[in-house]
Amino acid sequence: MIPRPENPVIVAVDVSRLDEAESTVRELAPYVGSIKVGLQLFTAHGPDAVRRLASHAPVFLDLKLHDIPNTVREASRNVAALGVSMFTVHALGGAAMIAAAAQGSREGAEEAGVPPPLLAAVTVLSSVSGEELASSASLAFEAKSAGATACVVSGEDVSTVREVVGEAFCLIVPGIRPAGSNGHDQVRILTPSEAIERGADFLVIGRPITSAEDPAGAARSILASVR
């Protein structure tokens, strides 16, 4: 991604109560680049969650859309019209599905008069490990060729994927844990500085920030470590 974002930190707000999510986002907005709304919050409150939280910070909507191309196209049109900064589809959906998502995203953004969001294809989840999984590099290359503008890739694969997709493509890395913190359910993890050094553009960080005694302080510390 050229240029890289001024603030690469995406804080994952994985809760079910919208008031709680909004309180967290209000506190952290000055110190993070964007916020991630995932399945937990979206299934509880739907598009209203995106609209409310987007008033405080850019929203990364992480639903990992994966269906037939026409369904994903229309869903992507609706997502883009919400004004999100980026959203996810699953790379395993294939080239036709990703191309349909890209088309729907462009159409939805144009109809709503908002900038088109980054379309991020999810490769291998950071909570999964094993040699039997599909190659993140091949999935990322195919997604880029089909019209994706970003991909979600585990920390250990960042360098390899960056070599394959080049610099003008955004890499979003989940499973980020500051040095000395608990890995929780993430297997394929890096520290924030390690991920940036290997070529990450955005870092998705949840509990190390949201569960800290001082969430704002934790976010500031992480940001300082990558600047």
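Phe87 stands opposite Leu119 in strand 5. The model is predicted, so local features need pLDDT of at least 70 and side-chain atom pairs count only at pLDDT 80 or more, while totals for chains, interfaces and linings use all residues. Residues are numbered from 1 along each chain as its sequence is written, and side-chain values use heavy atoms, without hydrogens and water.

Strands 4 and 5 pair in the parallel sense; pairing requires at least two DSSP bridges between two strands. Helices (H or I, at least four residues) and strands (E, at least two) are DSSP runs, numbered from the N terminus. The elements named in this report are tabulated here.

| Element | Residues |
|---|---|
| Strand 2 | 34-37 |
| Strand 3 | 59-65 |
| Strand 4 | 86-90 |
| Strand 5 | 118-122 |
| Helix 4 | 69-81 |

Five bridges join strand 4 to strand 5. Eight strands form a closed barrel in the order 1-2-3-4-5-6-7-8, with parallel pairing. From one strand to the next, the twist averages 25 degrees. Helix 4 lies across strands 3 and 4, at about 170 degrees to strand 3. Axes are lines fitted to C-alpha atoms, for helices over the stretch in contact, with angles from 0 to 180 degrees between N-to-C directions.

Lys36, in strand 2, counts as buried because its relative accessibility is 9% (buried is under 20% relative accessible area, exposed over 50%, partly exposed in between; 1.4 Å probe, protein chains only). Beyond neighbours within four places in sequence, Lys36 contacts residues including Asp14, Phe60, Asp62 and Val204, where contact means heavy atoms within 4.5 Å.

The charged end of Arg220 sits over the ring of Tyr31, 5.1 Å from its centre; the criterion is NZ of Lys or CZ of Arg within 6 Å of the ring centre and within 35 degrees of the ring normal.
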